[in-house]
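This report describes aromatic pairs, a sheet and a pocket in one protein structure. Please keep the sequence and the model in view while reading.

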Amino acid sequence: MANISAKDVKELREKTGVGMMECKKALVEADGDMEKAIDYLRERGLAAAQKKATRIAAEGVVLPYYDQASNQGVVVEVNSETDFVAKNEKFMSFVEGVAKTILATNPADVEALKEEKFNGTDRTVTETLNDLVLSIGENMKVRRFERMDGIVSTYIHAGGAVGVMVGFDVSDETKAADEAFVAMGKNVAMQIAAMSPEYLCKDDISADEMDKMHSITVDSALNKPDSLPMPILTSLINEAIDEKKWSDEDITIYQGLDGKQRKNFTNFISKEAYEILAGIAVSHKAEITENKIFTGLVQGRLSKQIKEICLLEQDFVRNDLFQGSVKGYVDSVAKELGCEIKTTGFIRMMKGEGLEKREENFAEEIAKQING
């Protein structure tokens, strides 16, 4: 049996990034042969990855990465089991390497990415990830990525909880290096992180989606009759009373209210009476939707929704810098720089979005460790 020195263990650790004990065990198994020990660790990494693959990995980081030399950017999400691992230097180095690999190889999707050579190595992304799983001891996976070309600005919120990339078209590209442009790009990216817009602008909303929004807004208004214009609401209440659709008690209560109280009549009538009123409104949907006052109400609510979900129409949150819309803010910086700036698109990713979360049970975890 070969004599395994501390120097050998250190060398293997430097080559593989695996812990000291695992390296020593690998050298013992390989009878001191460094290359065989590396192969042994790689096999162990694959086995460890397969064993841990079913464990929930919904933590990790979202990283926006931009290569200014090529004007190419990517936002990538890599998941781990715990947020503690997301702060690990090896893990973050791997995530950045994945981003660089994507920009260098332009894979069609995550499955194609897995077979690409990891940045600066002759190992695939999957093989490199397996090595990391063995080294760190958690299930990890590359979940998704999106690319963006051109001039972009990036923002990372809360250490990778949210990653943003926003693109710009600048008439004079030299202005993109200006301090005012850089600050503007970051501010817009922060706006996206904070306000979660769904679209860049109103023109990006399809006709089908607009129809759906309109239908939902109409139904919502009818099912909340106290929010309807007063002439329409009054006619609905009159029908409920005149045709005895309300109970005698609710009719008596309503008729006993003064003018001020009637403005808040929902605080006095029963829940059943309110539901009946909504039912009456829905039954008159065809005629109510033809009412110009109601049409104006719906259009106002739609405009408010569009302003909330479209980036360029949102109110700029940094009103200490600019009061108005995001588009107005971008235009003001363009005027300051003496060029045209057009916001072309954005990517916003939230870590673990849509994934099943791991339920922590520390007592159970400790018991497992004690019992082996």
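The text below treats the sheet, then the aromatic rings, and then the pocket.

The model is predicted, so local features are given at pLDDT of at least 70 and side-chain atom pairs at pLDDT 80 or more, while totals for chains, interfaces and linings use all residues. Residues are numbered from 1 along each chain as its sequence is written, and side-chain values use heavy atoms, without hydrogens and water.

**The sheet**

An open sheet is formed by 3 strands in the order 4-5-6, with antiparallel pairing. Strands are DSSP runs of E with at least two residues, helices are runs of H or I with at least four, and both are numbered from the N terminus; two strands pair if DSSP finds at least two bridges between them. Strand 4 (151-157) and strand 6 (341-350) are the edge strands, each pairing on one side only. On average, neighbouring strands of this sheet are turned by 15° against each other, direction ignored. Strand 4 and strand 5 are joined in the antiparallel sense over 7 bridges, and I151 has F168 in strand 5 as its bridge partner. Helix 7 packs on this sheet and touches strand 4, strand 5 and strand 6 (contact: heavy atoms within 4.5 Å). The direction of helix 7 makes about 135° with that of strand 5; axes are lines fitted to C-alpha atoms, for helices over the stretch in contact, and angles run from 0 to 180 degrees between N-to-C directions.

**Aromatic pairs**

The structure holds 6 aromatic pairs. Rings of Phe, Tyr and Trp (its six-membered ring) pair if their centres lie within 6.5 Å; planes under 30 degrees apart are stacked, over 60 edge-to-face, and the rest tilted. Two of the pairs are listed here.

| Pair | Centre to centre | Angle between planes | Type |
|---|---|---|---|
| F168 and F181 | 5.5 Å | 75° | edge-to-face |
| W246 and Y254 | 5.9 Å | 65° | edge-to-face |

F168 lies in strand 5 (residues 162-170) and F181 in helix 7 (residues 179-195), so their pair ties together parts 13 residues apart in sequence.

**The pocket**

Among the 15 residues lining the second largest pocket, Q68, I151, V152, A176 and F181 lie nearest its centre. A pocket is an open set of points on a 1 Å grid over the protein atoms alone, where a 1.4 Å probe fits, with protein on both sides within 12 Å along at least five of seven lines; lining residues have an atom within 4 Å of a point. Helix 7 gives the largest share of this lining, 5 residues.
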